Amino acid sequence: MNVNDTRPQNAVGMATTQIIVQGRGGHGWQPYDADNDNGVDGLIIIRKSGIDTGQLVFTQVKCGSPGGYYQEAQIRPNKFGVNVGQQYIQSHRPRWNSVPGPMIMIYVDYESQKAWWTDLKSEDSYIQENQSLILFDKRRVFERHSFGNFKKLNGYIYINPNYEVLTIPNNATNYLNLSTNTSLKDQALQYYKSWSNENPTQRMHESLGEIVVSRSG
């Protein structure tokens, strides 16, 4: 392999990621066009039972071999570094931190096609003494079991597609007069005063009992 030609590594990295995400994990994978990636190579679309949940994980993919991106150090036996360069990190971190969801890097070994992942929004993925490296925990192997771990990452949004839709009947806001110049705050204060002076039977809840209208309310 020509070390100056990164196309084979890029192809293996993206293909391996897609196999793990779609083929083994059952989730969606949407690659970004190279002209528009700006530090993001693709999106992992989280699915449950084959249905999109609305949760997204932004992803950067690197692929290489020992002596290239991959570096180890005796002072960090449980971790390895991916050397992408200090300037690369400095120029891309603002983008990684701004995406509306988790932002991970996946590193794929070119020979074995084994993969690992790290959280690019976490300070634990960077070291002060060598600002060219992104750190990976060797225990964070990227496989079908990895996707549940993304729920713990910064920016993860839980979306439940089974939320009950609530509707408000028109008479629920009859105490608001939107055609008057009186502010909503003053209207609410007037409503609370009149409500507190009502007969207690009008403020009775079948389970909670009498509703006490207080100043805190």
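Predicted model: local features only at pLDDT ≥ 70, side-chain atom pairs only at ≥ 80, totals over all residues.
User: Which strands make up the open sheet, and in what order do they lie?

Analyst: Two strands are taken to pair if DSSP finds at least two bridges between them. Here the open sheet has 3 strands in the order β4-β5-β8, with antiparallel pairing. The edge strands are β4 (70–71) and β8 (133–137), each of which pairs on one side only.

User: How many bridges join β4 to β5, and how many join β5 to β8?

Analyst: Between β4 and β5, the latter spanning residues 79–83, there are 2 bridges in the antiparallel sense, and Gln-71 stands opposite Gly-81 in β5. Between β5 and β8 there are 5 bridges, again antiparallel, and here Asn-83 is placed opposite Leu-133 in β8.

User: Which other residue has a positive phi although it is not a glycine?

Analyst: Gln-113 does, with a phi of about 60 degrees, and Gln-113 is found in the loop between β6 (103–109) and β7 (115–119).

User: Is Ser-49 buried or exposed, and why does Gln-113 count as partly exposed?

Analyst: Exposed means over 50% relative accessible area, and buried means under 20%. Ser-49 counts as exposed because its relative accessibility is 75%, whereas Gln-113 counts as partly exposed because its relative accessibility is 43%.

Terms used: Residues numbered from 1 in each chain as written. Heavy atoms only, no water. Helix = DSSP H or I, 4+ residues; strand = E, 2+ residues; numbered from the N terminus. Buried < 20%, exposed > 50% of the residue type's maximum accessible area, 1.4 Å probe, protein only.
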